[in-house]
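Subject: Structure for your study

Dear colleague,

Please find the structure below, together with its sequence.

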Amino acid sequence: MTSETLPTNEKARPAANSTRRVPLSRGLSTKLLFLTIAFVLLAEILIFLPWIASYRVNWLKERLSTAAAVSIVLLQGEPNSLSHNAQNDVLMAIGAKAIAVRDGGVSRLLVVSDMPPQVDEHIDIADVGLVNGMTGALDTLFFGGKHMLRVFGPVGDSDKEFELIMPDYRLRDAMLRYSRNVAVVSLLISLFTAMLVYAAIDLIMIGPIRTMTRSILAFSEAPDDPGRVIRPADRADEIGVAERELSQMQDRLQKMLSEQKHLADLGLAVSKINHDMRNILASAQLMSDRLRQVKDPTVQTFAPKLLRALDRAVAYSEGVLHYGRTQEPAPSRRRVRLRQLVDDVHGLLDIEDGIEFINGVETAFEVDADSDQLFRVLTNLCRNSVQAMAADTESAVVRRLAVAAERHGSVSRIIVTDTGPGLPPKARENLFAAFRGSARSGGTGLGLAIAHELIRAHGGTVELVESIGGRTVFAVTIPDQPVRLDQARNGLRRPA
């Protein structure tokens, strides 16, 4: 197969894999290594400035001390005791052009050779500050070699002041050698420090981050594989917290994906069943229509209820796929007599002997809702209550299901109360979550999830008011539809 015939995802896969692998030259470790070297060198440069200034001052002090020793010897003898050649030898040994001494305000030129026409810089050894020393050192280092210096100041405990006139090329050569040695040592220190810092941070931080990155990439390739979940290390620092949070997030994501897969499989199975179920219910509708022709009073009493139940079953079968698409149809709201709707729910429930059903809704009570959707909500709530109380086999236990309603202004509140054992803690924590909020073994928890979704579409709420042993109360709150101002005005303008 040629590259032109490869599918699009196959062509894109090498590019995607290339973005998942970070080259060594762009990795955090390499960046950290070079940054450490740069920062250490920067610190060495900042330290080098006072060092080179101190080196320059000390070098000049040594030359001035040597000149002072020679001056003391000359002062003890005859002024012209040294020959011209001897004076040149002394000056060459010191690297100076002239040596002078100031005593009691009188200056004497002791040794001189080729007196320069001018002096470029005057340096008082006793008064060289940090800033002056650094600027003078940099000037000598970068621009020196051709300047003439006059260095003067006291030496030791002597009350005399000694002067030395000398070129700066030897000083500059000495400073260059010193700078070169410092640069080599600084580079070695930077490399050594960078390697130590790199090893420490790689062990403490970069390594765990690399592990988390690999775990994320591996998890993204197969999120349903439990072996791809990172195993956090036993650390109390920020890396440990990040690893634990990542592990918990991957666990939650795996559970969520498993639930979504379960929902997808369930939706596929229901969609396959739905077609045949609708045909069966349609046949049942045709046969139930013939019951209306039977003159038996008992049949005439139950036939309308059976027809309504079949109509709702057909509607539910057609609406199953809507829920499979995680979307319910918008409610078609009308004024509904709630007591009659509760009676229909009672007639549909399979209530065994010993369970008492009380319809406490007033006859004239009306609610603004979609009758079919509200019927489904009440059916789910009442069926859950009946199933919970059916588990109690003791004859002395009171088993009662009551439905009541009350109105607060424009809000209707329907209360469903049973005397069952109450909801377990797990069901209360995941009350309206499908497949997690079931109160009984083998349940799906879809009933409360569907009820919550339908009532929320009405702008209302379903809430658990109370759940203890012997009393569980659910409340369904539905506000009336808001009246649009333009529609209300048009209604008032219509003639009577």
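**Findings**

Thr-379 has its place in helix α9; helices (H or I, at least four residues) and strands (E, at least two) are DSSP runs, numbered from the N terminus. The model is a predicted one, in which local features need pLDDT of at least 70 and side-chain atom pairs count only at pLDDT 80 or more, while totals for chains, interfaces and linings use all residues. Residues are numbered from 1 along each chain as its sequence is written, and side-chain values use heavy atoms, with hydrogens and water left out.

Is Thr-379 buried or exposed? Thr-379 counts as buried because its relative accessibility is 5%; buried means under 20% relative accessible area, exposed over 50%, and partly exposed in between (1.4 Å probe, protein chains only). Leaving aside neighbours within four places in sequence, Thr-379 is in contact (heavy atoms within 4.5 Å) with Val-345, Leu-348 and Leu-349.

**The nonpolar cores**

A nonpolar core is a set of buried Ala, Val, Leu, Ile, Met, Phe, Trp, Tyr and Cys residues joined through side-chain atoms within 4.5 Å. The largest one has 38 residues, and Leu-338, Leu-374 and Leu-378 have the most contacts inside it. Two or more residues each come from α8 (338-348), β8 (366-369), α9 (371-390), β9 (400-408), β10 (411-418), α11 (446-457) and β12 (471-479). Helix α9 gives the most to this core, with eight residues. Not counting residues up to four places away in sequence, Leu-338 touches Val-361, Phe-365, Val-367, Leu-374, Leu-378, Ala-405 and Ile-414. Apart from this core lies another, of 29 residues, including Ile-94, Ala-96, Leu-141 and Leu-149.

Five strands form an open sheet with mixed pairing, in the order β7-β9-β10-β12-β11; two strands pair if DSSP finds at least two bridges between them. Strands β7 (356-359) and β11 (461-468) stand at the edges with a single partner strand each, so one side of each is left without a neighbour in the sheet. From one strand to the next, the twist averages 15°. Axes here are lines fitted to C-alpha atoms, for helices over the stretch in contact, and angles run from 0 to 180 degrees between N-to-C directions. Strands β9 and β10 run antiparallel and are joined by eight bridges, and Ala-402 stands opposite Thr-417 in β10. Helix α8 packs on the sheet, touching β7, β9 and β10, and its direction makes about 165° with that of β7. Helix α9 also packs on the sheet, touching β7, β9, β10 and β12, and its direction makes about 20° with that of β10.

**A second sheet and a helix pair**

Another open sheet of five strands has the order β2-β1-β5-β4-β3, again with mixed pairing. Its edge strands, β2 (106-112) and β3 (121-124), each pair on one side only. Strand β1 (residues 98-103) pairs with β2 in the antiparallel sense over six bridges, and Ala-100 stands opposite Leu-109 in β2.

Helix α4 (residues 130-143) and helix α5 (residues 169-221) pack at an angle of about 95°, with their axes 9 Å apart. The two helices α4 and α5 are therefore roughly perpendicular to each other (65 to 115 degrees; under 35 is roughly parallel, over 145 roughly antiparallel and the rest oblique). Helix α4 makes the contact through Ala-137, Thr-140, Leu-141 and Phe-142, and α5 through Leu-171, Arg-172, Met-175, Leu-176 and Ser-179.

Yours sincerely
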